[in-house]
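Biologist: Could you walk me through this model before I set anything up with it? I'll ask as things come to mind.

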Amino acid sequence: MKIGIVCPYAYDVPGGVQFHVRDQAQELRKRGHEVSVFAPVETDYSESGFINAGKTFAIPYNGSIARLAFGPRVAARTRQWVTSNYFDILHVHEPATPSVSLIALQHARCPIVGTFHAALERSLLYTQGKPEVQSVKEKLSAQIAVSEEARRTLQRYQDGDATVIPNGVDFQAFAGASPSLKWQQSEESPVFCFLGRLDEPRKGLSILVDAIPKVLEKYPAARFLIAGPGTASKARAALEPFGNSVEFLGALSEEEKKSLFKSATAYIAPQTGGESFGIVLVEAMAANCLVVASSIPAFSAVLQQGRLGEIFTSEDPNSLAEKLLAVCENRQAAARLASCGHQGARRYDWSIVTDQVLAVYERCREDKHEDRERAR
């Protein structure tokens, strides 16, 4: 098949949707499909099969910053890309987002699959733009949501429904990663890691900061590795008295992330909301790293209500500290739960997820063929 995939966000800026599109395209190409990815960028990024949609604007969105592309020049590029390629399927991610996804949708004539990623309690954008969102629904041949939370958001704002197909992960890449000696846990020293934007409140770093002293008071040999972009000067100042027990790693490469998860005893996910899935949880699980996550619905679903990882009460540092202390006190039980998570992560491997996506593509093509036959 000839497949066009559209990402509305800056493709060269790390993010869940961007990684999803990149990995999906890679798996489809492995299977012999011709794939063109269309997205805006912040830099002079290029790769085989990628088409640059133009520069982006930073827009506050869902507790974060979304880098979107719009305007006459971007619209012209998008229209030219859509109309000059004869795609069998156009796969548009976040189709209601006012960026290249929405523009591509308006010009496409082939079957269109839309994947919805966002989980929103309230959205002024979706509420005020509901007529536009409804028109999106009418253009789509099929709708995918990456989680039940994303599906719920779709039902609320679009009065529609979707097939739930989760985010994917390269299971073997994380399972086979090599631990780093500088980060590796030991019998005497459990290692807990955090990964996220340090200056984004919904990532929950402040919750972890408040829990760390309670853990180190009882287990001074424990180590905390905090990774991600951002300054977080307040967090650094609060944790400075603990010296080498807490280390800020800065932004990590993909290989460093895999090594971190492979080295650590547990990955801590203290996010307070705004998450529709939590692919980073699955990545940690694939690396056989125990996940200790907040009780937000998306994370509870990935961890199967505690069967595949530890869940603490969201926004409660005491609850988080209790879970981490329990890990320190019973490392064998923690290892057994990590093994359960590792096995559970296999279902998210891209080989399995892509089978489900291709089944949706085939249904759309069959429906299009039947429509043509009826029109004759």
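Biologist: To begin with, is R152 buried, partly exposed or exposed?

Modeller: This is a predicted model, to start with, and in it R152 is partly exposed, with a relative accessible area of 23%.

Biologist: And which residue does the side chain of R152 meet in a salt bridge?

Modeller: That partner is E149, with a distance of 3.0 Å from N to O. Both residues belong to helix α6, which covers residues 148-158, and they lie three residues apart, about one turn of the helix. E149 has a relative accessibility of 17%, so it counts as buried, the cut-off being under 20%.

Biologist: How many salt bridges does the structure hold?

Modeller: There are 19 salt bridges in the structure. Some residues are linked in a network of such bridges, made up of R197, E200, R202, K203 and E275.

Biologist: What about K258, which residue is it bridged to?

Modeller: K258 forms a salt bridge with E255, and their closest N and O atoms are 3.1 Å apart. The two are separated by about one helical turn, because they sit three residues apart in helix α10, residues 254-263. As for accessibility, K258 counts as buried at 12%, whereas E255 is exposed with a relative accessible area of 54%.

Biologist: Then E310, where is its partner K323?

Modeller: The salt bridge between E310 and K323 has its closest N and O atoms 3.5 Å apart. This pair links distant parts of the chain, since E310 is in strand β15 (residues 310-312) and K323 is in helix α13 (residues 317-329), 13 residues away. E310 is partly exposed at 22%, and K323 also counts as partly exposed, at 27%.

Biologist: You mentioned α13; at what angle does α8 pack with it?

Modeller: Helix α8, residues 205-218, packs with α13 at an angle of about 40°, and their axes are 8 Å apart. That angle makes α8 oblique to α13, and the crossing of the two helices is right-handed. Residues making the contact include I207, L208, A211 and V215 of α8, together with L320, A321, L324 and L325 of α13.

Biologist: Changing topic, what is the strand order in the open sheet of seven strands?

Modeller: The order is β3-β2-β1-β6-β7-β8-β9, and the pairing is parallel. β3 (50-52) and β9 (163-164) stand at the edges with a single partner strand each, so one side of each has no neighbour in the sheet. Helix α1, residues 16-30, packs on this sheet and touches β1 (2-6), β2 (34-39) and β6, its direction making about 165° with that of β2.

Biologist: How many bridges join β6 and β7?

Modeller: Strand β6 (residues 89-93) pairs with strand β7 (residues 112-116) over four bridges in the parallel sense, and V92 has G114 in β7 as its bridge partner.

Biologist: Last one: which way do the residues of β10 point?

Modeller: V191, C193 and L195 point one way from β10, while F192 and F194 point the other way, and all of them are buried. In a regular strand, side chains alternate between the two faces of the sheet. Strand β10, residues 191-195, is mostly covered, five of its five residues being buried. β10 also pairs with strand β11 (residues 223-227) in the parallel sense over five bridges, and F192 stands opposite F224 in β11.

Methods: Residues numbered from 1 in each chain as written. Predicted model: local features only at pLDDT ≥ 70, side-chain atom pairs only at ≥ 80, totals over all residues. Heavy atoms only, no water. Salt bridge = Lys/Arg side-chain N within 4 Å of Asp/Glu carboxyl O. Buried < 20%, exposed > 50% of the residue type's maximum accessible area, 1.4 Å probe, protein only. Pairing = 2+ DSSP bridges. Contact = heavy atoms within 4.5 Å. Axes fitted to C-alpha atoms, helices over the stretch in contact; angles between N-to-C directions. Parallel < 35°, antiparallel > 145°, perpendicular 65-115°, else oblique. Left-handed = near helix turned anticlockwise from the far one by under 90°.
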